[in-house]
Amino acid sequence: ATAEIVINDFLSFEGFIDMSYQHADIDSDDVSVASGSDNSFQVDQVEIDWLFDFDPVTAQIDLAYLGSDAAGNATGFDNEGDVIVEQAFATYHFEGDYEGSAITAGRFASMLGFEAFEPTGLYQFSFAYDYSILPGYSEGVKYTYESDNVFFGASVLSSYADDQGYAGRLGGSGDSNWATEIAGAYAMDNGLSFFLGGFYQDDDNTDSNIDGETWVLNAYATFETGAWLFAAEVNYGDSESGAFGLDAEDGTLYGGSSVNSDDATALSGLLMANYAYSDQGSVTGRLSYEERSIDGAGAFDSNGALLTSAGDVDAEQYKATLAHGWAFTDNLLLVTEISYIDGESDLDGGLEDEDFDGVFGAVELLFAF
């Protein structure tokens with residue numbers, strides 16, 4: 001971690017440049033998941049965060065460039081190659097009897113999930129979930145309270161469904177949607193901490209035939225002792241608005257057509273251990289799991305056209321990751337990762353079942369300031 005660069009008493013900034021080489025080998029027994037290998041080298045993300053401090057009011061503006069294989073996909077963005085406003089919000093911090101409380105308004109990140117949204121907060125290169133059901137960024141108003149051991153937050157949001165082709169309008173007549181999120185955490189003095197949160201979203205869009213509710217529960221626990229950090233997380237969700245489909249562009253290995261319906265449930269989770277063997281080096285091991293049950297699904301091509309009815313679809317994927325991080329300086333980090341992925345899908349409707357596995361490797365160079 002590095003401190004921000006201070007311009008004056010009111011303004012500072014921080015950011016990072018994230019670049020990587022990636023290699024994937026896929027072995028599949030079905031034509032919709034093409035066997036073969038692939039290599040790429042690119043700048044994954046560049047971000048500059050402007051931090052304003054006019055006590056008791058603070059503000060932040062994050063400008064980000066996302067590469068063609070952007071990790072931002074895991075947080076709901078579909079803007080590869082563009083410069084976007086990732087976050088833009090202002091916060092009023094209460095004092096006196098209400099110290100620790102704050103009100104935030106603008107565009108900000110979800111409170112849910114153990115893994116960070118940015119590469120500067122990850123213990124490895126890849127995310128645990130290729131088809132994450134956890135939300136990313138949205139616009140709204142949030143209340144938070146934080147003390148040495150307790151955190152609580154609640155927000156009202158426009159929507160987490162921007163990628164479905166319409167913006168949230170907090171309800172009202174006509175096409176609209178809205179969401180709410182709540183989260184709480186407690187940290188014990190022995191290094192053990194617990195987190196529980198969830199979000200609820202109501203979608204209503206007659207043009208896209210999206211009308212239903214989506215909810216997700218997220219819980220995780222962490223334990224720090226000496227040079228060790230352990231984490232365990234579980235997520236469960238239900239969607240009536242097509243939020244839990246399987247998109248070939250989102251996953252590392254899952255290929256072929258997209259599969260979706262208005263009735264789906266999802267389960268995911270991870271186990272992780274990180275050991276810092278020196279001031280510069282650490283090793284991380286992680287095992288993650290994802291499962292989808294999609295009833296009355298349809299298979300769609302890359303243009304969104306219906307190919308065929310897939311009936312009921314049950315899909316699952318395991319991912320085992322080993323990563324090593326080495327900090328050359330406070331600002332320059334090298335991360336190497338190797339992951340093994342095994343997945344399968346059981347499809348009705350005359351489509352062939354899918355069974356595939358693969359190896360994914362990456363070397364990441366991260367410059368932070």
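The following paragraphs lead the reader through this structure, from the chain as a whole to selected residues.

The structure is a predicted model, in which local features need pLDDT of at least 70 and side-chain atom pairs count only at pLDDT 80 or more, while totals for chains, interfaces and linings use all residues. Residues are numbered from 1 along each chain as its sequence is written, and side-chain values use heavy atoms, with hydrogens and water left out.

The chain has zero helices and 18 strands; helices (H or I, at least four residues) and strands (E, at least two) are DSSP runs, numbered from the N terminus. Of its 369 residues, 43% count as buried, where buried means under 20% relative accessible area, exposed means over 50%, and partly exposed lies in between (1.4 Å probe, protein chains only). Contact means heavy atoms within 4.5 Å. Among the contacts in the chain with a separation of 6 or more, 58% involve residues 24 or more positions apart.

Side chains of opposite charge can pair when their charged atoms come close. The structure holds three salt bridges, each defined as a side-chain nitrogen of Lys or Arg within 4 Å of a carboxyl oxygen of Asp or Glu. One of them joins the side chains of Glu-139 and Arg-107 at 2.5 Å, N to O. Glu-139 belongs to strand S7 (residues 137-146) and Arg-107 to strand S6 (residues 101-109), so this pair ties together parts that are 32 residues apart in sequence. Glu-139 is partly exposed, with a relative accessible area of 32%, whereas Arg-107 counts as buried at 13% relative accessibility.

Another salt bridge brings together the side chains of Arg-286 and Glu-115 (2.9 Å, N to O). Since Arg-286 lies in strand S15 and Glu-115 in the loop between S6 and S7, the pair ties together parts that are 171 residues apart in sequence. Arg-286 counts as buried at 4% relative accessibility, and Glu-115 is buried with a relative accessible area of 12%. A further salt bridge is formed by the side chains of Lys-319 and Asp-130, at 3.7 Å, N to O. This pair links distant parts of the chain, with Lys-319 in strand S16 and Asp-130 in the loop between S6 and S7, 189 residues apart. Both Lys-319 and Asp-130 are buried.

Glu-337, in strand S17 (residues 332-347), is buried yet has no salt bridge. The nearest side chain of opposite charge is that of Arg-286, 4.7 Å away; here Lys and Arg count as positive and Asp and Glu as negative, while His and the chain ends are not counted. The side chain of Glu-337 makes a polar contact of 2.7 Å with the side chain of Ser-126. A polar contact is a pair of N or O atoms within 3.5 Å; within protein, one must be able to donate a hydrogen and the other to accept it, and residues adjacent in sequence count only if both atoms are side-chain atoms. The side chain of Glu-337 also reaches the backbone nitrogen of Phe-125 at 2.9 Å. Leaving aside neighbours within four places in sequence, Glu-337 is in contact with residues including Gln-124, Thr-321 and Phe-360.

Ser-239 lies in strand S12 (residues 228-239) and counts as buried at 1% relative accessibility. Its side chain is joined to that of Thr-214 by a polar contact of 2.9 Å. A polar atom of the Ser-239 side chain also lies 3.2 Å from the backbone nitrogen of Ser-241.

Leu-217, placed in strand S11 (residues 210-225), is partly exposed, with a relative accessible area of 47%. Leu-217 and Asp-238 are 21 residues apart in sequence and 9.4 Å apart in space, C-alpha to C-alpha. When residues up to four places away in sequence are not counted, Leu-217 touches Gly-197, Gly-198, Val-234, Asn-235 and Tyr-236.

Most peptide bonds are trans. The bond from Asp-55 to Pro-56 is cis, with omega near 15°. Pro-56 is found in the loop between strand S3 (36-54) and strand S4 (57-66).
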